[in-house]
Amino acid sequence: MSIHWTLIAGFLYAEIGVILLLLVPFISTRMWNKVFKSRFLRGLESQLIYYFYVLVAILILFFLDAIREMQKYSSEEQQQKTVGMSHLDTQMQMHMRLFRAQRNFYIAGFALFLFLVIKKLVSLISANAGLQAAKEAAMKQAESASRAAESLMTAAGDESIDSEDVKDLKEALETARKEAETAKKDVKSMKTQSESLAKEYDRLMGEKDKLERKVNIMGGGEKKDD
């Protein structure tokens, strides 16, 4: 494997580690949100966006190059079959080149996909933390409005209280309850999206394991040929 494909493979392994770290259950979304909103990352925010698009462009270029190599060696293999060349060494070399092109295709494709998944996970974690904070604020507002309404209703039996004030408090209480319900629904939707991303990640890990087994088998074949 050449140096640049070794770097891309290392980048892919680093992405897998970052995703596993983000999916660790005992680290709350609040903790991650504090990390994302820290002064250090805020100061680098504009530069990180620039580097993000640069890395995406580089991965896309390597991905397209791997597709080109796959098509090139596939066409050469078809030509050899058409001409009738059946020399064993030639066939083995052609198959190894095609396998390397396919391996690079999967490496670049998964690296690009997981890079986008990491960005989406970070945005979902930040949004989830914001929704949880909004839900807690709405619940506190609803509780305070409920206590105020109950105190006024209790005092209404003993004193003459303006009915308009009671009506306004009831409306505020109802509005606060609706906001709390909306925040709960938003949190559930964010949880569903996070679960779907986790399932997709598990599926990709299975594909990666299959690819690694295939690489190990082909690597063993290369050593025997040598």
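Me: Which residues touch the most other members of the largest nonpolar core?
Reply: This is a predicted model, by the way. The largest nonpolar core has 28 residues, and Ile-8, Leu-12, Ile-19, Leu-22, Leu-59, Leu-114 and Leu-121 touch the most other members. Two or more residues each come from helix 1 (3–22), helix 4 (45–83), helix 5 (88–156) and helix 6 (163–225). Helix 5 gives the most, with 13 residues.

Me: What makes Asp-65 and Arg-68 a salt bridge?
Reply: Their side chains meet at 2.9 Å, N to O. The cut-off is 4 Å between a Lys or Arg nitrogen and an Asp or Glu carboxyl oxygen, so the pair qualifies. Both residues lie in helix 4, three residues apart, which is about one turn of the helix.

Me: And why is Asp-65 called partly exposed?
Reply: Its relative accessibility is 27%. Buried needs under 20% and exposed needs over 50%, so Asp-65 lands in between. Arg-68, at 44%, is partly exposed because that value falls in between too.

Me: How do you know that Glu-69 is buried?
Reply: Glu-69 has 17% relative accessibility, which is under 20%, so it counts as buried. Its side chain also meets Arg-68 in a salt bridge at 2.7 Å, N to O. Shared partners join Asp-65, Arg-68 and Glu-69 into one network.

Me: On to the rings. How many aromatic pairs are there?
Reply: A search of the whole structure finds eight. One of them is Phe-52 with Phe-115, a stacked pair.

Me: Why is that pair of Phe-52 and Phe-115 called stacked?
Reply: The ring centres are 5.0 Å apart and the planes are at 25 degrees. Pairing needs centres within 6.5 Å and stacking needs planes under 30 degrees apart, so both tests are passed. The pair links distant parts of the chain, with Phe-52 in helix 4 and Phe-115 in helix 5, 63 residues apart. Phe-52, at 14%, is buried because that is under 20%, and so is Phe-115, at 13%.

Me: Then what makes Phe-105 and Tyr-106 edge-to-face?
Reply: Here the angle between the planes is 70 degrees, with 5.5 Å centre to centre.

Me: What sits over the ring of Phe-52?
Reply: The charged end of Lys-119 does, 5.5 Å from the ring's centre. Phe-52 also belongs to one aromatic cluster with Phe-11, Tyr-53 and Phe-115.

Key: Residues are numbered from 1 along each chain as its sequence is written. This is a predicted model: local features need pLDDT of at least 70, side-chain atom pairs count only at pLDDT 80 or more; totals for chains, interfaces and linings use all residues. Side-chain values use heavy atoms; hydrogens and water are left out. A nonpolar core is a set of buried Ala, Val, Leu, Ile, Met, Phe, Trp, Tyr and Cys residues joined through side-chain atoms within 4.5 Å. Buried means under 20% relative accessible area, exposed over 50%, partly exposed in between (1.4 Å probe, protein chains only). Helices (H or I, at least four residues) and strands (E, at least two) are DSSP runs, numbered from the N terminus. Rings of Phe, Tyr and Trp (its six-membered ring) pair if their centres lie within 6.5 Å; planes under 30 degrees apart count as stacked, over 60 as edge-to-face and the rest as tilted. A charge sits over a ring if NZ of Lys or CZ of Arg is within 6 Å of the ring centre and within 35 degrees of the ring normal.
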